[in-house]
Amino acid sequence: MSPTTTASAIVSSSSSSSYFTLIPLTSASPKTKPTTKLSFNFSKTQTRNLTLSTKTTTTTTTTIRSAVSIEKEIPEAERPNTFLRESDDHDYPSSSSSTVRSRFEKMIREAQDSVCKAIEGADGGAKFKEDVWSRPGGGGGISRVLQDGAVWEKAGVNVSVVYGVMPPEAYRAASASAELKPGPVPFFAAGISSVLHPKNPFAPTLHFNYRYFETDAPKDAPGAPRQWWFGGGTDLTPAYIFEEDVKHFHSVQKSACDKFDPTFYPRFKKWCDDYFYIKHRGERRGLGGIFFDDLNDYDQEMLLSFATECANSVVPAYVPIIEKRKDTPFTDQHKAWQQLRRGRYVEFNLVYDRGTTFGLKTGGRIESILVSLPLTARWEYDHKPENGTEEWKLLDACINPKEWI
């Protein structure tokens, strides 16, 4: 039989990176010369036992134990003027990227303020709780949550600025060029994300997020070239359909899109319907809106202005609907149906939503990631609304997306 050896391993990483290299240190067999170098992307402190087979003069089983840690957020007492690294301006002396970064951060922070002001105004009393956090390697965020108010069951509005490292496999999967073989790619990401769950079952839930992403490799460095893209969207999830509300919401989305390109609304409306699809249910999460991702095939300044217009359209698209429906009388039956639809919301977010699953897998700030979930939801065995009822009409529209305008 082939001898078996056991080895240890060290973890090498920089303080701002979650990309780690493991190299075997010792072996009990002098005849065995394992030369395999292993790279893994671990998201949080954990232990891994790995079995390797290396073909030399003997077969060797190597056990590697690794303790891997990433930077944790640090609570801050006050909001800083910016979460950007001081070095950003020096890293981009001949590029507009630092300007886009700073202007996008300014935009999302202003949008957070305006949305939170409108949400508090609609509630009439409750206030947002704010948490400010940062990371030693740069970046940070502001999380604001309002819970159990007069109008809102739960409302979350978060902004974040993140610096990190993307494994080469993730970059190649996202790249159109199969010839690129980069090493770990530093990246920058900034965004605003919000989910607003009202108490009244006749008042719809709203989700929106807008983000800017950029690979950070210097232009003359080997590996991945610097790239950028925008993503985001705004979508409506009611429990009951009021056609005038849905038409108003979609009209505001279309108006924002039409200012930049008349093809945007139909293209991004379909993208939204396709993205928020709960495969195991065969239905959409709600009644759509707009959604786009990896958008970089237009002028960068134009897309920055487009994302700004979309973020600024959130309040006029949504708050008038809330003001109209927040005090509508409802029954226990109406509330139970809303809770069932909230269950669908939870299913999509935890199973399919890219932002949620990415955050959970990469050690993101858990309270910020799960702020999208409602305080309450409901699941009933094999529940089916009766044909022709208002509940059935909502489900039918989720199964068969409509053109609202």
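Among contacts between residues at least 6 apart in sequence, what percentage join residues at least 24 apart? In this predicted model the share is 67%, where contact means heavy atoms within 4.5 Å.

Local features need pLDDT of at least 70 and side-chain atom pairs pLDDT 80 or more, while totals for chains, interfaces and linings use all residues. Residues are numbered from 1 along each chain as its sequence is written, and side-chain values use heavy atoms, without hydrogens and water.

Of the 405 residues, 49% count as buried (under 20% relative accessible area, with exposed over 50% and partly exposed in between; 1.4 Å probe, protein chains only). Two of the nonpolar cores are listed below; such a core is a set of buried Ala, Val, Leu, Ile, Met, Phe, Trp, Tyr and Cys residues joined through side-chain atoms within 4.5 Å.

| Core | Size | Residues included |
|---|---|---|
| Largest | 55 residues | F104, W152 and F230, with the most contacts inside it |
| Second, separate | twelve residues | F202, L287, W337 and W404 |

Helices here are DSSP runs of H or I, at least four residues, numbered from the N terminus. Helix α8 (residues 332–351) has 20 residues and should span 28 Å at 1.5 Å a residue; its end C-alpha atoms lie 29 Å apart, which agrees. The expected span is 1.5 Å times one less than the number of residues. In α8, 14 of the 20 residues are buried. V351, also in α8, counts as partly exposed because its relative accessibility is 49%.

Definitions and conventions:
Helix = DSSP H or I, 4+ residues; strand = E, 2+ residues; numbered from the N terminus.
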